[in-house]
Amino acid sequence: MSYLEIDRLSVRLRGGGPLLRQVSLTVAAGEVRGLVGESGAGKSMIGKAVLGILPRSTEITAGRIVLDGVDLLTLPPAERRRRIGATCALIPQDPLTALNPSRRIGPQITDRLVDILGWPRVRAEARARELLAEVYIPDPERVMRSYPHELSGGMRQRILIASAFAAEPKLIVADEPTTALDVTVQKQILKLIKEMQERHGTALLFVTHDLGVVSKVCQSLSVLYAGLVVEDCAVRDFFRAPGHAYSAALLAATPKYTDAVASLTPVPDTVIAAVRAEVAAADRRMSHG
Amino acid sequence: MLDGRGSVKRRAGARLWLSAGWLAVLVLAALLAPWITPKDPLAQDLFLGRLPPFWETGAEPGYYLGTDSLGRDVLSRILYGARLALIVALVAGSITCLLGAGLGLLAGFLRGWVDVLISRFIDIWMAFPPVLFSILLIAVIGPGLGSIILAIVIIDWTRFARVVRAEAMAQGAMDYVASARVAGRGRLGIMLREILPNVLPTIVVLLTLEMGIAVIVEAILSFVNLSISTDDPTWGGMIAEGRAAVYQAWWVLVFPLITLFLTVLSFSQLGEGLKDRFDPVLR
């Protein structure tokens, strides 16, 4: 039984073209699913749709998002918000804008526990200290009294990870959580997310464009092109033998240490043409119901 | 690096204290005017007309900054004038701020039809020429303290609304707002607890600027004789009266002008100083 099931979800720009084309995927409890694709393929859109934070300019036209057996899209907005708030969390992309600059760290972690889950403040603060220690932040007391600008990017991303796990969510959407960080810090943060995910048994929807990251963190994988899932497979199988020509080309485009320049192969035009034909076919299917 | 930051901080401190000091002196003067003014600001004595300030020959003791053509004491009139100037600054500034910043915050954060409605309203509002508008308004509803305040609010709320709207919009696009939404915080909660604290430094700067502007507008309206009743001393009124006799008695024009200038400058510097001191990102 999967914890999250997205069933033929279509999202489009209001008065514009489609952004997601009948996307289906599942995430089992405790599973890590990667979402990969080029810029604009709709990876982040899926995460935002699940968390109910799609931009105003977009709308869901069809499909179901089933979280723990309940279709979120059929719930009244307040109930949907409550359910998402109690069971899901977000690790955002840019740690520099993901903490409120004018508030201290402590309340930013504890507020959701106190206000939304109704914890007593003392318990929430103890929990925050415990979590900050868990993400290897030295001197959690001092950090909780700090403002975000007093901390480094890596520190802030650790805090965001701690904050995401604070309410013991069942599902976390990580939206390119390492993209905005230094390469040296990226590896630590990735390791930390993996470690926390395993310890807490949280399901993770991991949005990234980095196949190297996928191989380290994820168990299953959805490859997107123009809002269409072109491949849905186990990560093990993907790296052994990608099932789709586009996936294979994407994999081949990953630079290699041995010969970085020569290995920068673009996705061939023939593959692009083939995958575009599939997108067009999907659009025809959608318009015929 | 450390030295550089230190000196910036010291300068911000000096700016804050100087401007706050001048305004504190004015507030005290306004509150204590009946007890500290050397003369009755309304008492006329034509034998003592156009007395020069104390350091010039021909000055009378007790008339420190001289007298105007009707023999009224300039210092006493300036001190009493501070009352009206500060009331207008505080009341008009605060109402303008609440109205403008409130609408701006709503428009910038809620977006959608609320934003369209408020923004178009601002555009239309700003197409009216402000000075003519305020003079027309006072001509219609009659002069008085309430009219001055109303005129300032009506003209200047758009200044707040536009800036705060843009700020709120920028803050609304940040990831921390998305996180708060995922956590289940309602729109009102996000607006007041997440966005407002980040827009507050801007609002404070605008508010103090607005108080300075309110003082100037009041002076302008007094200057064209559209302020409160002509008996009560106002800085603008004094400047208007002093203008007529500037070659014979420059002090009647110059002292109220200096006071006005320092007050408006202090308001704007106070805002900048407060921002430097309390904005956690700059601190």
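Helices (H or I, at least four residues) and strands (E, at least two) are DSSP runs, numbered from the N terminus. By that rule, chain B of this predicted model reads α-α-α-α-α-α-α-α-α from its N terminus on, with nine helices and zero strands. Residues are numbered from 1 along each chain as its sequence is written, and chains are lettered from A in the order in which they are written.

**Overall build**
- The C-alpha atoms of chain B fill a box of roughly 80 × 55 × 30 Å along the principal axes.
- Chain B has 283 residues, and 43% of them count as buried (20 or more other C-beta atoms within 10 Å of the residue's own, with C-beta atoms placed from the backbone).

**Meeting chain A**
- On chain B, 16 residues are in contact with 24 residues of chain A, contact being C-beta atoms, placed from the backbone, within 7 Å.
- Helices α6 (175–182) and α7 (187–223) of chain B each supply at least two residues of that side, and α6(B) gives the largest share, six residues.

- Chain B averages a pLDDT of 87, with 93% of its residues at 70 or more.
- Helix α1 (residues 2–36) of chain B has the lowest mean, 77, while helix α2 (residues 74–110) of chain B has the highest, 94.
- Residues 1–8 of chain B stay under 50 in pLDDT and have zero contacts beyond four places in sequence.
- For the complex, the predictor gives an ipTM of 0.84 and a pTM of 0.83.

Note on methods: This is a predicted model: local features need pLDDT of at least 70, side-chain atom pairs count only at pLDDT 80 or more; totals for chains, interfaces and linings use all residues. A residue is buried if 20 or more other C-beta atoms lie within 10 Å of its own, exposed if 12 or fewer, and partly exposed in between; C-beta atoms are placed from the backbone. Two residues are in contact if their C-beta atoms, placed from the backbone, lie within 7 Å. pLDDT is the predictor's confidence in each residue, from 0 to 100.
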